[in-house]
Amino acid sequence: MARRSALLRFLRSVPNAGALRSGPIVPARSSVLQIDLFTDPMPARVEPCLALPMASPPEGPDWAFEIKWDGYRLAVHRRGTEVRIITRGGQDWTERFPAIAESAADLPADSFILDGEAVVLDENGRSDFGALQQALGGRCGTLAAHLAILYAFDLLYLDGHDLTPMSLKERRQMLEFLLAPSDQAIRVSEEIEMDGARFFDQVCEMGFEGAIAKRRNAPYRPGRGGDWVKIKCVRSETFLIVGYEPTSAALGGIVRLLLAAQGTDGLTYVGSVSTGFTYRSATAIRNQLDRLKTAAPAVRGAKKGAIVWTMPVLAAEIAFRGWTHDGKLLHASFKGVRDAADEVRVYRLK
């Protein structure tokens with residue numbers, strides 16, 4: 001009974017909340033709620049709303065701001081006692097996030113879909129993408145990330161009700177009501193009431209990856225339509241690894257990784273990265289790359305030398321400060337290898 005009353009309790013607690021409803025689908029048959037609601041079929045998957053990159057924060061009262069978390073985008077589905085955790089690419093990773101699944105099972109609702117980011121936090125409360133990857137066993141790993149938590153930033157479905165046509169402001173009200181303050185494995189990604197430029201400066205000073213800005217009155221729409229935008233403190237993009245320079249003296253036997261982006265005529269070499277590795281991560285990468293060796297480079301403009309060329313399969317997340325005059329990454333640092341389930345896009349040269 002308590003689970004079935006989450007939406008009812010919210011409607012009774014918020015003035016004029018009765019107006020928060022999507023279009024009617026099927027009249028509710030349950031006599032439990034005893035209020036004028038409609039039931040919507042619960043979707044098996046919702047295509048995510050994605051943030052459009054921007055160089056600086058937008059201005060004005062129409063925008064709400066949050067911290068940009070650096071992890072894996074997930075949708076958490078609950079119907080009755082069944083919990084499913086779905087990656088951005090549509091894979092079921094419920095068993096890989098046991099603490100998040102357990103927290104979802106305890107929430108006071110009968111059904112819901114949460115949108116959020118799974119992260120592992122460092123000692124300063126910042127998300128650490130490398131630590132999350134290690135917890136999962138690396139790319140294509142099979143380990144369970146027991147320390148991962150979900151920062152939920154949207155609620156798409158609740159107790160038989162589709163919330164996506166509603167405004168972000170209305171969805172946030174319901175999300176905060178459902179989750180309430182908690183130190184469990186599912187927490188609200190807080191909305192910060194602050195000028196966008198000032199907020200961005202503060203998150204950068206504190207060492208976070210960046211900020212997210214969202215239109216308060218926009219419905220939830222899949223894709224990069226501009227309702228959500230991201231502003232990064234240090235630029236970070238996904239590139240393909242096309243080879244490495246081996247050594248017997250460096251961490252894991254790798255001096256540097258050679259990287260490529262999508263160009264107008266196929267893959268284009270964009271330089272290399274030689275920092276950001278640990279012994280563990282470098283060893284794991286080399287083991288994977290050695291199974292992908294190829295005789296010739298898969299890119300144009302690649303450097304010469306003692307290079308082990310590999311098929312362009314592994315995608316790496318790289319932080320960098322900008323571009324050199326000849327189109328190479330400036331001050332690049334390795335952050336981690338992206339898993340296919342995260343469905344990231346390889347950077348495309350303009």
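Among contacts in the protein chain between residues at least 6 apart in sequence, 68% join residues at least 24 apart. These values were computed from a predicted model. The chain contains six helices and 20 strands. Of its 350 residues, 50% count as buried. The chain exposes about 16,500 Å², and carbon and sulfur atoms supply 51% of this area.

The count of salt bridges comes to 19. One of them joins the side chains of Glu191 and Arg216, with a nitrogen-to-oxygen distance of 2.8 Å. This pair links distant parts of the chain, 25 residues apart: Glu191 lies in the loop between β10 (186-188) and α5, whereas Arg216 lies in the loop between β11 (210-215) and β12 (228-232). Glu191 has a relative accessible area of 23% and is therefore partly exposed.

A further salt bridge is formed by the side chains of Arg338 and Glu317, at 3.4 Å from N to O. Because Arg338 belongs to strand β20 and Glu317 to strand β17 (residues 315-320), the pair ties together parts that are 21 residues apart in sequence. Both Arg338 and Glu317 are buried. Salt bridges that share partners also join Glu66, Arg172, Glu176, Glu191, Glu193, Lys214 and Arg216 into one network. Arg126 is partly exposed, since its relative accessible area is 22%.

Charge was also examined at the surface. Glu59, Asp195, Asp201 and Glu205 gather there in a patch of negative charge. Asp201, a member of this patch, is found in helix α5, which spans residues 196-205. The relative accessibility of Asp201 is 43%, so this residue counts as partly exposed.

Backbone angles were considered next. Most residues other than glycine have a negative phi. Asp159, however, has a positive phi, near 45°. This residue is found in the loop between β8 (149-158) and β9 (161-162). With 12% relative accessibility, Asp159 falls under the 20% limit and therefore counts as buried. A positive phi, near 50°, also occurs at His331, which lies in the loop between β19 (329-330) and β20 (333-338). His331 has a relative accessible area of 61%, over the 50% limit, and is therefore exposed. Thus the positive phi values of Asp159 and His331 occur in a buried residue and an exposed residue, respectively.

Methods. Residues numbered from 1 in each chain as written. Predicted model: local features only at pLDDT ≥ 70, side-chain atom pairs only at ≥ 80, totals over all residues. Heavy atoms only, no water. Patch = residues over 30% accessible without salt bridge, like charges linked within 9 Å, V, L, I, M, F, W, Y side chains within 5 Å. Areas by Shrake-Rupley, 256 points an atom, 1.4 Å probe, with all protein chains shown as cover. Salt bridge = Lys/Arg side-chain N within 4 Å of Asp/Glu carboxyl O. Lys, Arg positive; Asp, Glu negative; His and termini not counted. Charge placed at Lys NZ, Arg CZ, Asp CG, Glu CD. Helix = DSSP H or I, 4+ residues; strand = E, 2+ residues; numbered from the N terminus. Buried < 20%, exposed > 50% of the residue type's maximum accessible area, 1.4 Å probe, protein only. Contact = heavy atoms within 4.5 Å.
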